[in-house]
Amino acid sequence: METVELAAAREALRTRGPLVHCLTNTVVQTLTANALLAVGAAPAMVDAPEEAGEFAAVASAVLVNVGTVHARTAEAMRLAARSAATAGVPWVLDPVAVGGLAYRTTLATGLLEHRPAVVRANASEILALAGSGAGGRGVDSTAGTDEAAAAAAALAGRTGGVVAVSGPVDLITDGDRTVRVGGGSALLTRTTGAGCALGALVAAYVAVTDDPLVGAVAAHAHVALAAEIAADLADGPGTFAAQWLDALDALDGDALTRADLRDAG
Amino acid sequence: METVELAAAREALRTRGPLVHCLTNTVVQTLTANALLAVGAAPAMVDAPEEAGEFAAVASAVLVNVGTVHARTAEAMRLAARSAATAGVPWVLDPVAVGGLAYRTTLATGLLEHRPAVVRANASEILALAGSGAGGRGVDSTAGTDEAAAAAAALAGRTGGVVAVSGPVDLITDGDRTVRVGGGSALLTRTTGAGCALGALVAAYVAVTDDPLVGAVAAHAHVALAAEIAADLADGPGTFAAQWLDALDALDGDALTRADLRDAG
Amino acid sequence: METVELAAAREALRTRGPLVHCLTNTVVQTLTANALLAVGAAPAMVDAPEEAGEFAAVASAVLVNVGTVHARTAEAMRLAARSAATAGVPWVLDPVAVGGLAYRTTLATGLLEHRPAVVRANASEILALAGSGAGGRGVDSTAGTDEAAAAAAALAGRTGGVVAVSGPVDLITDGDRTVRVGGGSALLTRTTGAGCALGALVAAYVAVTDDPLVGAVAAHAHVALAAEIAADLADGPGTFAAQWLDALDALDGDALTRADLRDAG
């Protein structure tokens, strides 16, 4: 993959301002919405069963994140994923803590039938969703990214889409092609919701790119580059979040040509 | 309207510290609470049907914002609005994304029977609630403020209260009198929940003013003036939010005499 | 109590990184998670009845905060508290606004049977939970800390645990021993969720200390010391929050030896 493709995706995101319908956990809704606004997308959080299907069909992309899922929001997620699939709207699945908890593991596994354009998660979650692992510790991964490479490829084969394994070096694959994205900052893992916001940015990028692998890679690169700038300006995990949003806003297509891509087959 | 009336309202807000009961969407609860604390009010978010009616009756003002409404919170909103109306507690309706989604449009329309002291929304939402438009794009307006002037006046006639149409220049009317408020910053629209927090500040101001038109105008002016200060200090949308809260806190009555008011009939 | 014990608790927190299961209100989830991450703990917010009991049994500690409780989360709280008690996982109760609202008062009183390791609240809430008062004004206390001293001791006698009364000077007792913690900053009360995040930090500390009184005191001292640093760096309540998180992160065991402890029996 060429970084010039990421640059084009970044400019498309700014120009087109996709409407991203987020069904996500209540811990991270604010940061997710602000990250989408920062990159030029339009967030809308709609998670009532009475509305989720209707809204997913008219959105540019949909994010389903099961972080604080319960019966009502699970139903909304099923309706949104089905509606998106029917309407041809790309959707992203973030299977937070899947593997460690039975209820959400069943839910996320069932959602795969609606063929998410991208599954974004940490290594433990990807292993669990692919049926190869027992999950991590709470929301944290206990496995390394490369350990999940085979599971990610297998999962991509099942969904027909892309699987992104986030970690110190991200691994993103569509089963055929695999790209690794380096860079970033450890402060991302000390900011609640940074990974979840990344899932939403993947949705925004996928809405404006023909190739979901490019979209997923662009989102990861954008997040990593912004984190590096923010880490330089921040005095700790508290001041990092605002600086990260500022940097997400400031980075343009040209900046994304400096992404640390490591093609891997 | 004289800006000295806004100054008096600002001082009353600080002196009396009204208790504002917020039934609002989960994306913006934190910023809303912090904005209320910044101006000197006391926020309380209570949205269980078992408690909402009981609490609304003892609050100084109530905010109902349908941003992430679903069956349980819709019931709580109906109970709170009815209780507030019965107890003579002023309440504010923020009909987020009404028009675009059937479920919340029905809910918000039904709530009008409890006669909100103020309806605060963007132009598309006001048009939809007044029965004159189809809503915007997600949470964003696709109509300009002036396009909603007639609908706002008609809606004010129905509720017997004030209707505030937020936009680059805000338009606030009670059907007879109309005031426009200029100033502010585009960064407000890039901070999730700034508009929703404004709705809560309207509730706080209405609790301490005899004339709800003065209260609604004071809240819009306070938000706009604080945004101008924050925009000068911020490096982007991430650092803007904290600066905006600091400025909301710092502005006193004297500062509000510099509001950009444009009387319009 | 010696401040060297607080220093040891601080280092244990960093070394062991306890997994803190939070069932807390939606206004403060983000700040709570970020405060836990800042001090070195691992937060996880799981509040579905389908998952809460399962997760509480494998967590290092559990926080139950009734701030925005409703039927579904009340059920999850009951399951989590019971599961924690059965599994020997320490849990903390934060009875937000108990006394003022009947539904949550009944809930919180019922949860006492599961013997929380710590109850953390303001004076009005402690008085109400102990059956000696009618509650405060919304989420704010209308009583002083010392007024709740006898109620706190009586409540500690009932639970067999610790009761912490947060205020300008915190009062923390296990019925036999009482410690007061001074310092802090009034800006904590102008930041929504600072008190709720303190409850989560109490849970994190109790997970890594043998003596829950030491854990509760360490959490209060850590919060107060960080607030003093943040207040010096902040320009108002908006910029305070991020600085407070930075300071929570930066303070090590040595710093906690400078805590303002006032033994009181």
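**Figure 1. Approach of chain C to the rotation axis in the predicted model.** In this predicted model, C:Thr26 is the residue of chain C that comes closest to the rotation axis, its C-alpha lying at 3.8 Å. The rotation in question is one of 120°, with 0.0 Å of shift along its axis, and it superposes chain C on chain B with an RMSD of 0.0 Å. That is therefore the relation of a three-fold axis. The copies use different surfaces, in that 12% of the contact residues of chain C recur in chain B.

**Figure 2. The contact between chain C and chain B.** To this contact chain C gives 24 residues and chain B gives 27 residues. On the side of chain C that touches chain B, α5 (102–111) and α10 (237–250) of chain C each supply at least two residues, and the largest share, four residues, comes from α10(C). Sorted by class, the residues of this side of chain C comprise eight nonpolar, eleven polar and five charged.

**Figure 3. The contact between chain A and chain C.** Here 23 residues of chain A are in contact with 27 residues of chain C. Helices α5 and α10 of chain A each supply at least two residues of the side of chain A that touches chain C, with α10(A) providing the largest share of that side, four residues. The residues on this side of chain A fall into seven nonpolar, eleven polar and five charged.

**Figure 4. The buried side of helix α5 of chain A.** In helix α5 (residues 102–111) of chain A, the buried residues are A:Arg104, A:Thr105, A:Leu107, A:Ala108 and A:Leu111. Because these residues cover an arc of only 165° around the axis, they are on the same side of α5(A). The elements that cover the buried residues of α5(A) include, from chain A, β3 (61–65), α4 (71–87), β4 (91–94) and α6 (123–129), and, from chain C, α3 (49–58).

**Figure 5. Helix α10 of chain A against helix α10 of chain B.** The axes of the two helices, each spanning residues 237–250 of its chain, come within 6 Å and cross at roughly 135°, and α10(A) and α10(B) are therefore oblique to each other. From α10(A), the residues A:Ala241, A:Ala242, A:Gln243, A:Trp244, A:Leu245, A:Asp246 and A:Asp249 meet B:Pro237, B:Gly238, B:Thr239 and B:Ala242 of α10(B). By class, this contact of α10(A) with α10(B) holds six nonpolar, three polar and two charged residues.

Notes. Residues are numbered from 1 along each chain as its sequence is written. Chains are lettered from A and ligands numbered from 1 in the order in which they are written. This is a predicted model: local features need pLDDT of at least 70, side-chain atom pairs count only at pLDDT 80 or more; totals for chains, interfaces and linings use all residues. Axes are lines fitted to C-alpha atoms, for helices over the stretch in contact, and angles run from 0 to 180 degrees between N-to-C directions. Angles under 35 degrees count as roughly parallel, over 145 as roughly antiparallel, 65 to 115 as roughly perpendicular and the rest as oblique. Two residues are in contact if their C-beta atoms, placed from the backbone, lie within 7 Å. Ala, Val, Leu, Ile, Met, Phe, Trp, Tyr, Cys and Pro count as nonpolar, Asp, Glu, Lys and Arg as charged, and the others, Gly among them, as polar. Copies are superposed by least squares on the C-alpha atoms of residues with pLDDT of at least 70 in both. A residue is buried if 20 or more other C-beta atoms lie within 10 Å of its own, exposed if 12 or fewer, and partly exposed in between; C-beta atoms are placed from the backbone. The arc is that of the directions from the helix axis to the C-beta atoms.
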